[in-house]
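Biologist: I am new to this one and would like to learn how to read it. Could you take me through it feature by feature?

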Amino acid sequence: MRMLHSLRSFERRICRLSEFLAVTSGARRLRFRTGYTFLSEKGCAPQIPIFMIEFRNVKKSYPTGTVALKGVNLHIDDGEFVFIVGQSGAGKTTLMKLLLCEEKATSGTIIVGDTNVTRITNRKIPYYRRKLGVVFQDFRLLPNKTVYENVAFAMQVVGTPNKMIRRRVPAILNTVNLADKHNSFPNEISGGEQQRVALARALANNPSVIIADEPTGNIDPQMSLEIMNLLVKINKLGKTVIVVTHEQSLVDYYKQRVIMIGDGVVAEDHVGGMFE
Amino acid sequence: MRRYNPFYFVLESLKGLKRNGVMTFASVAVLLSCLVVMGGFALMVYNINFNLEKLDALNEIVVFTEYDASIEEIDELAGQIAALDNVESTSTKYKEQILADLKEENPDLYGDVTDEENPLSASITITYKSNEGVPELDFQLRQLSGVRKIRNDLNVATTIGNLKSGIMLVFIWFLVILFVVSIFIIINTIKLSVFSRRNEIGIMRYIGATGWFITLPFIFEGIIIGTVAALGGYFLIRGAYSYVIAKVVSSIQILSFIPMADLSGLLLLAFFGIGIATGVVGSSISLGKYLKK
Ligand SMILES: Nc1ncnc2c1ncn2[C@@H]1O[C@H](COP(=O)(O)OP(=O)(O)O)[C@@H](O)[C@H]1O
Ligand SMILES: [Mg+2]
């Protein structure tokens, strides 16, 4: 399985290399005409960027002096499902914040798709974030908007035409099994349902990656399973899914890749659950 | 191509204004008061200047000739005066003409006076080039023969000039202070509005809203506050002005007022300009950090 990962990533690196060469040699048009045609079967369609996520020796210290990350090296491939685990205070949330560009790395490089996150300009951050869908432990829904409006809001914010919003929101709410809750307000539905609304909102702009920081932290175990099943389903639809959690039973149950953060570095990285 | 719905921004800003109703009201009230005071002051200065301009007769020196001077002598004197350094122009009035003017103005008093009995002397009115040169000019005039009397109101003229610039200075300081107060109040209103929507803003940023998309509703809030204050202030000033004119004009006839119709365009423009500028500047300052990301 590990070998398969590296093989896939190697393939993609070649893709990127050819892309790079085509650009640097000035043959922009050629790149689209020929460069991709023979590679496209391997997933290198010109309009869809390959969403590899890479952390190279990333360090983060907060102004308070806390060193949260001491040199993280990570590679997550396009379409992977990854659990990030570790004790409280290990630096998991910091890792996600760096990914979301909410905090700047002290040193090291973070590459997401075609974006060098560590070098991104403020003006480009919003456009970069549209490629990531985020789900938080505390849902962060707008209490004065209905379920439908909360999801539609995400699309309004990025300037989606109303016609498209009206078509897309019901479909997404269907995906997360909330077709019958369109007009409910967040305080009228359960925690599990609220988190599914948050998930729908994260999906609204069709991001390439879904990031969930302790998505089941505030909901009961049975509902947790439902959220996790949805995340797996979303992953099967082709999106990279990164789930931060410290619920070992969930991690073991799904048998996916697990990255353990400990003491500010990647302590373990293997496939198939924590205790295997 | 993605397009944003402009109604979204207006609607959001109206919602924000409603949510912080008290502060919104306070902002509008303060800005409106500022505009009214500014406007009232401006109108006052404007009218004082308007009335002072009529007194510009003060900016001249009048030379009276001897009573028995002949027309030739008067013309010669006028020629000598015109040749002096600080003299811009002269205009001569013979005593017959002055009498005729007086008769016309006040037939009861001067109607019977004949040219033979004319008690007046000819006058030569001088407009001069610079105020500074007036004392010297005065001295030179006294040296000329045929000059009986010199009327020189320079002191009055300079006093009025000083008064004018003094009023302007006070006015400008007033404006600056009121402008700063208005901006301060608006900054606080918008800050409050931002604070009550901080969750929404946080979510918007995670979703990938651009800085201007987040801030535009708040800028609009400033614009709406400015517009409402401008309109309210304008109508208030208008009412007050016509009231004052009606009261004062009937009691003090020597004062004249610029009619409101001549001023309303300018006033409205200035109010909208200042109101909207204050709103935009105030909200931009309170949004500084959001505009960056
Ligand atoms: N904004 C912050 N300022 C200062 N220290 C922080 C901040 N956020 C997190 N930390 C510190 O960084 C370390 C890692 O925190 P975090 O990434 O939240 O861990 P986790 O999500 O794994 O529990 C902790 O010691 C925490 O106290
Ligand atoms: Mg955390």
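**Reading the features, one at a time**

Modeller: Happy to. A search for disulfides across all chains finds zero in the whole structure. Please keep in mind as we go that this is a predicted model.

Biologist: What is a disulfide, in general terms?

Modeller: A disulfide is a covalent bond that joins the sulfur atoms of two cysteines. In this structure the count over all chains is zero.

Biologist: Let me get my bearings in chain A. How many helices and strands does chain A have?

Modeller: Chain A has nine helices and 10 strands. Of its 276 residues, 49% are buried. Another thing to read is how far along the sequence the contacts reach. Taking contacts in chain A between residues at least 6 apart in sequence, 67% join residues at least 24 apart.

Biologist: And how do the elements of chain B run from the N terminus on?

Modeller: The order in chain B is α-α-β-α-β-α-α-β-α-β-α-α-α-α. That gives 10 helices and four strands. Buried residues account for 37% of the 293 residues in chain B. For contacts in chain B between residues at least 6 apart in sequence, 82% join residues at least 24 apart.

Biologist: Now the charged side chains. What can side chains of opposite charge do?

Modeller: They can pair when their charged atoms come close. Over all chains, this structure holds 14 salt bridges. One of them joins Glu103(A) and Lys60(A), with the closest N and O atoms 3.4 Å apart. Glu103(A) sits in the loop between helix 3 and strand 4 of chain A, while Lys60(A) belongs to strand 1, so the pair links distant parts of the chain, 43 residues apart. As for accessibility, Glu103(A) is partly exposed at 25%, whereas Lys60(A) is buried at 6%.

Biologist: Which residue forms a salt bridge with Asp263(A)?

Modeller: Lys70(A) does, and the closest N and O atoms are 2.9 Å apart. Asp263(A) lies in the loop between strand 9 and strand 10 of chain A and Lys70(A) in strand 2, so this pair ties together parts that are 193 residues apart in sequence. Asp263(A) is exposed, with a relative accessible area of 59%, and Lys70(A) is partly exposed at 39%.

Biologist: How many residues apart in sequence are the parts tied together by Lys181(A) and Glu193(A)?

Modeller: They are 12 residues apart: Lys181(A) is in the loop between helix 6 and helix 7 of chain A, and Glu193(A) is in helix 7. Their side chains meet in a salt bridge of 3.7 Å, N to O. Lys181(A) counts as partly exposed at 22% relative accessibility, and Glu193(A) is buried at 15%.

Biologist: Which residues of chain B are linked in a network of salt bridges?

Modeller: Glu12(B), Lys15(B), Arg197(B) and Glu200(B) are linked in such a network.

Biologist: What about polar contacts? Which side chains does His75(A) meet that way?

Modeller: His75(A) is placed in strand 2 of chain A, residues 67–76. Its side chain makes a polar contact of 3.3 Å with that of Glu54(A). The side chain of Asp77(A) is also in polar contact with that of His75(A), again at 3.3 Å.

Biologist: Last, the interface. How many residues does the contact take from each chain?

Modeller: The contact takes 25 residues from chain A and 19 residues from chain B. The area buried between the two chains is about 2000 Å², with 57% coming from carbon and sulfur atoms. Arg129(A), Phe153(A) and Val157(A) supply 26% of the area that chain A buries against chain B, more than any other three residues.

Biologist: What joins the two sides, and which elements of chain A take part?

Modeller: Helix 4 and helix 5 are the elements of chain A that give two or more residues to the side touching chain B. Helix 5 gives the most, with four residues. By residue type, that side of chain A divides into 12 nonpolar, seven polar and six charged.

Key:
Residues are numbered from 1 along each chain as its sequence is written. Chains are lettered from A and ligands numbered from 1 in the order in which they are written. This is a predicted model: local features need pLDDT of at least 70, side-chain atom pairs count only at pLDDT 80 or more; totals for chains, interfaces and linings use all residues. Side-chain values use heavy atoms; hydrogens and water are left out. Contact means heavy atoms within 4.5 Å. Buried area is the accessible area (1.4 Å probe) that two parts lose on being put together, summed over both. Ala, Val, Leu, Ile, Met, Phe, Trp, Tyr, Cys and Pro count as nonpolar, Asp, Glu, Lys and Arg as charged, and the others, Gly among them, as polar. A polar contact is a pair of N or O atoms within 3.5 Å; within protein, one must be able to donate a hydrogen and the other to accept it, and residues adjacent in sequence count only if both atoms are side-chain atoms. A disulfide is a pair of cysteine sulfur atoms within 2.5 Å. Buried means under 20% relative accessible area, exposed over 50%, partly exposed in between (1.4 Å probe, protein chains only). A salt bridge is a side-chain nitrogen of Lys or Arg within 4 Å of a carboxyl oxygen of Asp or Glu.
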